[in-house]
Each structure stands twice: as C-alpha cells, then as structure tokens.
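Trainee: Can we go through this one together? I'd like to start with the domains.

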Amino acid sequence: MRTVLVLLLVFASLTVPRAAADTAAFCALSCDTLDPSRAAQESFPLPDKDINGRVLRLHVSDPDGMAWASIDNGRTGDAVWLDRSWDGGRTWDGLLGKASIPDTWTGTRTLMYNLTDPVGHRRGLLRACGDAQAVACTAWIYPTVCAAACDGSPPGVGDHQPVPGATIFGRAVRLHFDDRGMAWASIDSGGPGDETWLDRSWDAGATWPDGSSLGRTSVPAGATATQTATFAARDPRGRMNGGAVRACGRQASHQEGTCTEWARPVPSRVAAGVDALLWSQDIYRAWWPSSWWNSAIAVTALADSGVPDLDPVLARVFDVNRAAFPAGARSSDPIDGDFISRSIDDTAWWGLAWLAAYDRTHDTRYLAEATKIADYVHGFWDPSTCGGGVWWDRERTYKNAVTSGLYLRLAAALHRRLDGDTEWLARARTAGDWYLRSGLINSAGLVNDGLTSGCANNGQTVWTYNQGLAIGGFTELWRATGDQSYVDAARRLADAAMIGLTSDRVLVESCDTGSCDDNQKQFKGIFLRYFGDLASAIGDQKYRDFVRQQADSIWSRDRDSLNRIGERWDGSTPNAVDWRTQASGLEALIAAAAQ
C-alpha cells in the first residue's frame with residue numbers, strides 16, 4: 001500500500017464558477033495531484049480527441065478513483081488540463097493540473113485528480129481539455145451511475161415503497177425500489193402533461209446538485225399515469241455510499257410540485273445498515289470521527305456482515321491506522337502504533353476487530369496483528385492482585401469486567417485460529433476460571449462494572465456489553481475446550497440478561513432512559529454480537545427468538561427512511577442517532593441474519 005501524504009481537506013462550494021482556479025485538494029484513497037506513475041491501473045474510457053493534429057487523451061485508474069489527462073504530437077506551449085464538475089457538468093472547476101509542453105518535448109500530462117469527494121458526499125465528473133491553437137475537451141466521465149444496474153434501466157423484480165406517497169391536486173406521487181435497490185418515481189390519478197421525476201442526493205437530502213429531475217417524464221395523451229426509468233442510489237465506482245432519492249411530481253397546469261420524503265433502498269436489512277454506516281466513514285482517514293475504540297466496533301460489524309466488496313474498506317482502515325498517532329489525533333491518548341494505547345480495553349477491541357477481518361478474508365496479516373495486540377494485553381494479566389484479571393490501564397488502577405472479558409474472548413479465539421497452539425488455550429482456561437470466581441458476576445447473574453481495591457464486586461452499573469463479552473468469552477472457551485461448564489456459564493448469563501436487561505422483551509441500556517454517552521451508545525450491539533454467537537452455537541430456539549425480536553424491533557420501530565438506527569431499540573424518544581448507534585444496531589441485524 002503506497003504511503004499517502006496527509007493533506008487538509010478543503011471543501012469548495014457546491015456551485016463553482018466556470019474555469020475557477022485550482023484552490024482545493026480532495027482526498028479519497030489518495031489526494032489530488034498524485035503522480036500518474038503511481039496509478040494502480042490505466043484505462044481509456046473515452047475516444048481520444050483531435051485538436052489540430054494533437055492527441056488529447058483521458059486516462060483513468062478505477063482502483064484509485066482518479067484520472068489524468070495527456071496531450072501528444074504537440075508543440076511547445078500546447079497545454080492540457082482537467083475540468084471537474086460537482087453538478088453533472090453544468091459548472092466546473094477548470095484548469096486542474098494545467099501543464100504546458102516544454103521546449104524540445106512533443107507531449108505532457110497532468111497529475112492525477114479524484115473523480116469524487118466521498119468524504120464531502122459529492123459525486124464528481126471529470127474531462128480532459130487541451131489548448132493547441134484551439135480549445136477542446138473530451139466528454140465527461142462517468143455521467144451514468146451504475147450499481148446493481150445503471151441509471152436508465154427498466155425496473156427489476158419487486159416494488160417496495162419505503163415512504164408514504166405525496167399528493168398534489170389529486171395526483172399521487174410515489175417512490176419505488178425494486179429488489180436490486182434501483183429506484184423509480186410514478187404519478188397516477190392524473191392527466192396528460194402531468195410530470196414525475198426523481199431527485200438524488202449524496203448528502204442525505206441536504207443538496208442534490210447533480211441529481212435533479214432524473215428521468216423526468218410526462219403522462220402521455222389518453223393516460224392517467226406514468227413512471228420514470230430506474231436510477232441507482234449507490235455509486236460503487238466512486239465509493240459513494242448512502243445515496244438517497246425522492247420522488248417528485250407536478251400537475252400539468254401548475255408550476256409548483258411536490259416530493260416524497262428521502263429514502264434509501266433495502267436490498268437486505270444488513271446491507272442497508274452497512275450502507276448507512278459507510279456513509280459516515282471518513283474514507284481518507286479511514287475511521288469514523290471521532291471515536292477510536294468505537295471505530296473498531298464499526299470495523300468488526302463490517303467484517304461480520306457478509307456484505308461483499310468490503311475487503312478494501314477493511315484493508316484501508318488497517319493500513320492507515322496501524323501507524324502511531326499523537327494525543328488528540330485518534331484518541332485523547334497517544335496511539336503507539338499497531339492499535340496499542342494506554343487503555344488496555346481500547347487496544348483489545350482492535351484485536352477482536354482484526355480477528356473478525358481475518359475470519360472474513362483469511363489474510364494472515366490480520367491474524368498476526370491480533371496476536372501482537374493480544375500479547376500486549378496479556379502483559380497486563382496480573383495474578384498478584386485479586387488472583388488474576390487484566391488491568392484496565394497502563395497505570396494499573398482498576399480491574400474491571402470489560403478488559404477481562406475482552407481478554408477471555410481474545411485468548412480463546414486466538415487458540416482456535418493458531419495451528420498447534422497450547423499457550424493461548426492455557427491462558428484462556430486460566431482467564432475463564434478466574435472470571436467465574438472473581439466476583440464480577442452478582443447474585444442475579446449479571447455482570448457489574450468491576451472490582452474494588454479489596455477485590456470485591458463494586459456494585460457499579462451492569463452494562464450490556466460486559467454481559468455480552470462474558471457470554472462471548474465462555475462460548476468461545478467452550479468451543480476451544482468442549483468443557484460443558486463453560487457453555488453452562490454462558491447460558492446462565494444469557495438467561496439473566498433476558499430477564500434483567502430488557503423491557504417488554506427489548507434490550508435496554510440503563511442510560512437509555514436518560515442520555516447515553518458516545519461509548520454507551522454501542523454497548524447493546526456488542527451484547528447482541530455475542531448473545532447471537534451463543535444462539536448460533538447451541539441452536540437454542542429461545543435465544544434465537546430473542547435475537548430476532550431485537551432485530552425486528554429495530555427494523556420496525558427504530559429505523560428511519562434513510563435506514564438510520566437510533567439508540568433506543570424500542571423507538572421511544574428522545575432517541576439519539578449517529579454512526580455509533582448505527583454500528584450498534586447493525587450488529588443486532590447481523591446476529592439475527594445468522595440465526
């Protein structure tokens with residue numbers, strides 16, 4: 001993976017004057033002005049353009065999402081550049097990378113520029129232009145968005161209407177998706193001349209400069225209804241996730257129109273949840289700002305989702321974030337490199353994330369990274385205090401449930417993935433046996449936050465993720481050893497949770513009734529990840545039903561038309577919604593899909 005210079009993202013206006021100066025650099029996998037010698041691929045999607053005998057050519061590297069322009073057979077002073085448009089070619093940033101042929105040369109080229117701005121949620125078009133005693137340009141690439149199908153395709157199988165229709169002068173305007181996630185608009189109960197169209201937005205409906213009036217069509221004479229062709233709500237080539245569409249229409253004799261709500265497609269529950277989560281990722285910095293360990297949870301969810309084409313996303317997170325970072329760049333603590341920091345639990349979450357990536361891809365570098373992280377965490381296992389357990393921080397101030405639960409799951413999981421291992425198996429057994437006698441589990445079968453300085457249960461909050469980690473740790477230890485006592489322990493913890501951590505059979509966090517902080521927003525999803533693992537491992541129907549009930553509640557009560565999932569899985573208000581709650585809810589959907 002090439003090293004990329006870190007440049008500041010400077011976002012230009014969505015409407016840019018023609019031939020504007022090149023004042024902004026945009027970044028995706030690389031930043032604007034990358035040298036073409038570093039392109040991962042070279043293709044020529046458009047015919048060359050002739051300018052007075054000169055050859056103007058557009059070059060594209062789809063794996064990089066970048067393009068450059070060249071001019072050949074030219075003379076000294078002939079120039080070449082790129083234009084980039086953010087509104088479908090109506091206006092553009094001009095003269096990008098302008099280069100002139102120097103003395104004694106017959107050609108030159110620009111540097112590479114990004115096709116899109118996925119961080120700023122703007123889909124761009126590029127073209128090559130040249131000046132050789134006349135100015136000419138190629139066509140724009142890529143004006144047509146393609147996902148499961150390309151813009152302009154006829155509808156496929158299925159007709160899903162995710163939002164209520166809109167009405168105007170007795171006409172009904174409706175938004176439709178087929179089973180592939182392609183969208184179309186319709187108008188009915190109307191008359192000749194009535195119109196319908198789609199709008200498409202890459203920023204959740206805030207703007208739609210390159211997606212206005214898509215497929216606009218009129219009701220023909222003698223008819224009362226019509227519909228558009230279909231249009232995509234994702235752009236995989238441009239790494240644009242989370243696109244939204246709405247259906248609009250107007251009655252023939254009035255200028256004003258009406259539109260439905262914005263919506264995203266649902267090819268499946270899990271795929272819809274992944275799409276909305278990826279919309280929030282900073283693809284250039286390869287994390288979800290601004291939470292370090294929470295980003296590890298998002299990575300784990302993506303790895304576990306089974307959704308295709310996510311391996312490059314995982315690889316980029318790994319490559320970019322394996323470096324060292326100063327305090328404030330990724331966390332309030334410095335990151336030492338290899339995802340290691342003073343917070344032992346934060347470090348261990350990344351170990352589990354890379355194990356999930358390894359399980360998905362079988363790329364051994366992820367397993368090696370997880371092992372390195374686990375070795376670091378093991379260094380804080382300390383039997384001289386409380387007979388065992390892992391310290392929460394480097395300063396060794398607190399032994400708590402989260403860090404010891406993470407270590408148990410990590411150790412048992414490593415044993416099952418390392419051929420011929422005995423060391424991690426012994427460590428996992430020691431960790432599991434200590435956990436059962438540590439006092440962390442109270443008389444109700446629930447896991448309190450940690451231990452006092454005197455090594456007694458401190459009676460602090462029962463967080464769902466501590467309960468889930470214990471279930472997951474004992475489930476994996478049972479797989480590793482076949483010892484029935486460990487799966488029995490996991491069952492007891494699961495049964496206690498179904499009684500003590502629910503309201504009307506829906507999982508709740510203690511802070512749900514007030515306000516959960518950014519960490520607590522993700523706890524329930526972690527619980528469902530490991531509760532679902534137990535349900536799948538032993539096949540107990542009551543556990544499977546419980547997992548499905550959580551997913552069904554999320555889907556029907558805690559999801560909006562953009563497939564965004566909130567903190568409160570029963571849909572009650574006030575309800576926080578952000579990428580952390582999205583990752584949490586996604587883990588529940590993944591768990592249910594596995595049953």
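Trainee: How far apart are the C-alpha centres of domain 2 and domain 3?

Mentor: They lie 37 Å apart. This is a predicted model: local features need pLDDT of at least 70, side-chain atom pairs count only at pLDDT 80 or more, and totals for chains, interfaces and linings use all residues. Residues are numbered from 1 along each chain as its sequence is written, and side-chain values use heavy atoms, with hydrogens and water left out.

Trainee: Where are the domains?

Mentor: Domain 1 is 36-137, domain 2 is 166-259 and domain 3 is 268-372. Those bounds come from an automatic or database domain assignment.

Trainee: How much area do domain 2 and domain 3 bury between them?

Mentor: About 450 Å², with 61% of it on carbon and sulfur atoms. Buried area is the accessible area (1.4 Å probe) that two parts lose on being put together, summed over both. Arg239, Asn241 and Gly242 supply 69% of the area that domain 2 buries against domain 3, more than any other three residues.

Trainee: Switching to helices. At what angle do α8 and α9 pack?

Mentor: About 160°, with the axes 8 Å apart. Helix α8 is residues 464-481 and helix α9 is residues 484-500. Helices (H or I, at least four residues) and strands (E, at least two) are DSSP runs, numbered from the N terminus. Axes are lines fitted to C-alpha atoms, for helices over the stretch in contact, and angles run from 0 to 180 degrees between N-to-C directions.

Trainee: So how do they run, parallel or antiparallel?

Mentor: Roughly antiparallel. Angles under 35 degrees count as roughly parallel, over 145 as roughly antiparallel, 65 to 115 as roughly perpendicular and the rest as oblique.

Trainee: Who touches whom?

Mentor: Contact means heavy atoms within 4.5 Å. On α8, the residues include Phe474, Leu477 and Trp478. On α9, they include Tyr486, Val487 and Leu493.

Trainee: And α10 with α12, parallel or antiparallel?

Mentor: Roughly parallel. The axes of α10 (residues 523-538) and α12 (residues 579-593) come within 7 Å and cross at roughly 15°. Lys524, Ile526 and Arg529 of α10 are among the contact residues, as are Glu587 and Ala591 of α12.

Trainee: Last topic, the backbone. Which residues does a cis peptide bond join?

Mentor: One joins Ile141 and Tyr142, with omega about -20°. Tyr142 sits in the loop between β9 (135-137) and β10 (166-168). Another runs from Pro289 to Ser290, with omega near -5°. Ser290 is in the loop between α1 (269-279) and α2 (292-305).
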